[in-house]
Amino acid sequence: SFSVSCVTSTKMTTKQHFWNLFFKISPFNISRRRLTLSRTMDGSNNSGQQHRQQMTLFCRYQQLPMTTRCVFTINVFAFLFNAILRLFSYSTLCLIPALMRGKDFLGQFYRIFTSAFTHGSFFHLLVNMCAFIQIGAFGLEMKLGSVNFALLVFLFTILCGTTHVLLASGMWYLLGMSGYQNECAVGFSGVILSLVVLDTAF
């Protein structure tokens, strides 16, 4: 069996096993410091072997750069908050281009932000956050610094949402394709793709 401990070894619960597996396959496991799992050896003399000093989930979380940690926290909190309390429907939070035409644009502008930090499922959140941590913690934020990286995330959030609305409206006006006008778009994928392109370029 495997266990992770920041200072001393402890037995893991089922929940800890789940999160241990999650971070074992995620970019958290690709840190600048080597994060390894110690294996418990069952000896016939019942003495066993002591576990090596390891990093816990919280320790790995603390090692993330500031902006990456904040964006990750906001995304996870937003997902759990709405999944548990169910105060807002997806139609209230998602980006619907048809609702952002003309004078209604400013009144519905909040959707550009709420849609980016809303995810359709746990798997959707998992994939996006693994990709974001990889590109943020071990990529652009290390190169540019936390403040510049935060400005980039903010800029790309607005840019991606606005571009989505303009493209959907353009396809409606020019090609008569109205389907994209009523789509309910959510997720951080657009921002992540923009960061990947920038990281690749530089």
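Trainee: Which pattern does the protein chain follow along the sequence?

Mentor: Helices (H or I, at least four residues) and strands (E, at least two) are DSSP runs, numbered from the N terminus. Here the order is β-α-β-α-α-α-α-α-α-α-α, with 9 helices and 2 strands. This is a predicted model: local features need pLDDT of at least 70, side-chain atom pairs count only at pLDDT 80 or more, and totals for chains, interfaces and linings use all residues. Residues are numbered from 1 along each chain as its sequence is written, and side-chain values use heavy atoms, with hydrogens and water left out.

Trainee: Where is the salt bridge in the structure, and how many are there?

Mentor: A salt bridge is a side-chain nitrogen of Lys or Arg within 4 Å of a carboxyl oxygen of Asp or Glu. The structure holds 1: Asp199 pairs with Lys143, their closest N and O atoms lying 2.9 Å apart. Distant parts of the chain are linked in this way, since Asp199 belongs to helix H9 (residues 189–201) and Lys143 to helix H7 (residues 122–144), 56 residues apart.

Trainee: Is Asp199 buried or exposed?

Mentor: Buried means under 20% relative accessible area, exposed over 50%, and partly exposed in between (1.4 Å probe, protein chains only). Asp199 has a relative accessible area of 19% and is therefore buried, whereas Lys143, at 52%, is exposed. Across the protein chain, buried residues make up 34% of the 202 residues.
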